[in-house]
Amino acid sequence: GKRCVVTGGGGSIGGEICRRLKAYGATAILVIENSELALHTITEDLALEAGDTAVSGRIADVRDRERLTEIVMGFRPDIVFHAAALKHVPYLEQDWSEGVRTNVFGSVHAAEAAIAAGASCMVMISTDKAIQPVSMLGATKRFAEMEALIQKIPGVPAPIKKSLPHSYADSPFVDSIALIARQSQGTAAPA
């Protein structure tokens, strides 16, 4: 009986989350997807399944903080499932800055939107590659996990927030993320 948002709900993982939410009796599911085809496919598939769950979809990109927050706040979910991510290692090794924008900043935006909408919790879908990252996929997902822990996300206990390793603060990866952030804001000069 919960209202649920699923970012990246048209992907393989997000789509399966949507199917299970409907099967377990969610009151309403809002699928957020940046691919129109994927959004159409999952919402049509869910419409064919039995159940009383209200299913709706919105085209949006987790990289767009304002739009994501507006959509999530308008829906007022109980739970946000954040599955939107770039996940293919070869592409992320080549175009790693896109992975940072989506996997790191997109996760931060999803967490901020969940908080702003008053969600009781956010479930961030990660990967085993984040445990000891050796690829850009693992590194971006690990960084997103760490950032999610220091956000004021409901359901994350305070002791976890304090136990983050400080070594990331001095890493070149963090410097790269900071540079991308400044470039995105039009200020590429060092901080």
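User: What should I know before we start?
Analyst: The model is predicted, so local features need pLDDT of at least 70, side-chain atom pairs count only at pLDDT 80 or more, and totals for chains, interfaces and linings use all residues. Residues are numbered from 1 along each chain as its sequence is written, and side-chain values use heavy atoms, with hydrogens and water left out.

User: Which residues of helix H3 are buried?
Analyst: In H3, residues 65-75, the buried ones are Leu 68, Thr 69, Ile 71, Val 72 and Phe 75. Buried means under 20% relative accessible area, exposed over 50%, partly exposed in between (1.4 Å probe, protein chains only). Helices (H or I, at least four residues) and strands (E, at least two) are DSSP runs, numbered from the N terminus.

User: How are the buried residues arranged, seen down the axis of H3?
Analyst: They fall within an arc of 165°, so they line one face of the helix. The arc is that of the directions from the helix axis to the C-beta atoms.

User: And which residues are exposed on the other side?
Analyst: Glu 66, Glu 70 and Gly 74.

User: What do the buried residues of H3 pack against?
Analyst: Strands E1 (3-7), E2, E3 (54-59) and E4 (79-82), plus H5. Contact means heavy atoms within 4.5 Å.

User: Take E4. Are its faces covered or open?
Analyst: Both are covered. Ile 79 and Phe 81 are buried on one side, Val 80 and His 82 on the other. In a regular strand the side chains alternate between the two faces of the sheet.

User: Which way does E4 pair with E1, parallel or antiparallel?
Analyst: Parallel, over four bridges. Thr 7 has His 82 in E4 as its bridge partner. Strands pair if DSSP finds at least two bridges between them.

User: And with E5?
Analyst: E4 and E5 (residues 121-124) also pair in the parallel sense, over four bridges. Phe 81 stands opposite Val 123 there.

User: New topic. Is His 109 buried or exposed?
Analyst: Buried, with a relative accessible area of 7%. His 109 lies in H5 and touches Val 62, Arg 63, Asp 64, Arg 65 and Leu 68, not counting residues up to four places away in sequence.

User: Last one. What lines the largest pocket?
Analyst: There are 24 lining residues, with Asn 34, Ala 84, Ala 85, Leu 86 and Lys 87 nearest its centre. A pocket is an open set of points on a 1 Å grid over the protein atoms alone, where a 1.4 Å probe fits, with protein on both sides within 12 Å along at least five of seven lines; lining residues have an atom within 4 Å of a point.
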